[in-house]
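This briefing is meant to be read beside the sequence and the structure.

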Amino acid sequence: MDPIIVKFRTRQPVPFKEHCSDAEFSATVSGSATIVFNSLPGEDGKTDESTLRELIIGMIPGCFKCWPEGKLIMGPGNREILEELLS
């Protein structure tokens with residue numbers, strides 16, 4: 001299977017709280033995902049990119065809730081943390 005590259009962006013800002021803070025923040029999230037294994041093939045053996053995009057966007061709020069304690073979501077170098085939580 002050839003890799004599929006899917007670009008995504010949340011339509012609405014995703015709310016989240018930072019570690020040790022009562023303030024609620026919100027942010028839109030955008031990026032791209034390289035999908036090398038797909039267990040959701042469509043009728044033609046391929047999954048529509050919009051379906052994959054919606055699945056990725058649907059996982060982002062849960063990723064913010066599972067963010068490692070002590071690490072700030074808005075801190076530098078956190079792309080790798082989000083990638084790991086989405087994998």
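Ring pairs link Phe16, Phe25, Phe64 and Trp67 into a cluster in this model, which is a predicted one. The protein chain has 2 helices and 4 strands, and along the sequence these follow the pattern β-β-β-β-α-α. Of the 87 residues in the protein chain, 26% are buried, and among its contacts with a separation of 6 or more, 55% are between residues 24 or more positions apart.

**Aromatic cluster**

- The count of aromatic pairs in the structure comes to 3.
- For Phe16 and Phe64 the ring centres lie 5.1 Å apart and the planes stand at 70°, so this pair is classed as edge-to-face, the angle being over 60 degrees.
- Because Phe16 belongs to strand β2 (residues 14–17) and Phe64 to helix α1 (residues 49–65), the pair ties together parts of the chain that are 48 residues apart in sequence.
- Phe16 is buried, its relative accessible area being 6%, and Phe64, at 11% relative accessibility, counts as buried too.

- Strand β2 pairs with strand β3 (residues 24–27) in the antiparallel sense, and the pairing runs over 4 bridges.
- Within this pairing, Val14 stands opposite Ala27 in β3.
- The two strands β2 and β3 form a hairpin with 6 residues between them, and in the turn Cys20 has a positive phi of about 60°.

**Glu18, a buried charge**

- Where does Glu18 lie? Glu18 is found in the loop between β2 and β3.
- Although Glu18 is buried, it has no salt bridge, and the nearest side chain of opposite charge, that of Lys71, is 12 Å away.
- The side chain of Glu18 does, however, reach the backbone nitrogen of Met74, at a distance of 2.8 Å.
- Once neighbours within four places in sequence are left aside, Glu18 is in contact with Ala23, Phe25, Lys71, Leu72, Ile73 and Met74; one of these, Phe25, also belongs to the aromatic cluster.

**Asn78, a buried polar side chain**

- Asn78 lies in the loop between α1 and α2 (79–86), and with a relative accessibility of 11% Asn78 counts as buried.
- A polar atom of the Asn78 side chain lies 3.1 Å from the backbone oxygen of Gly75.
- Not counting residues up to four places away in sequence, Asn78 touches Trp67, Leu72 and Ile73; of these, Trp67 is a member of the aromatic cluster, while Leu72 and Ile73 are also among the contacts of Glu18.

**The salt bridge**

- How many salt bridges does the structure hold? The structure holds 1, formed by Glu54 with Arg11, whose closest N and O atoms are 2.9 Å apart.
- This pair links distant parts of the chain, since Glu54 is in helix α1 and Arg11 is in the loop between β1 (4–9) and β2, 43 residues apart.
- Glu54 counts as partly exposed, at 35% relative accessibility, whereas Arg11 is exposed, with a relative accessible area of 66%.

Definitions and conventions: Residues are numbered from 1 along each chain as its sequence is written. This is a predicted model: local features need pLDDT of at least 70, side-chain atom pairs count only at pLDDT 80 or more; totals for chains, interfaces and linings use all residues. Side-chain values use heavy atoms; hydrogens and water are left out. Rings of Phe, Tyr and Trp (its six-membered ring) pair if their centres lie within 6.5 Å; planes under 30 degrees apart count as stacked, over 60 as edge-to-face and the rest as tilted. Buried means under 20% relative accessible area, exposed over 50%, partly exposed in between (1.4 Å probe, protein chains only). Two strands pair if DSSP finds at least two bridges between them. Lys and Arg count as positive and Asp and Glu as negative; His and the chain ends are not counted. A salt bridge is a side-chain nitrogen of Lys or Arg within 4 Å of a carboxyl oxygen of Asp or Glu. A polar contact is a pair of N or O atoms within 3.5 Å; within protein, one must be able to donate a hydrogen and the other to accept it, and residues adjacent in sequence count only if both atoms are side-chain atoms. Contact means heavy atoms within 4.5 Å.
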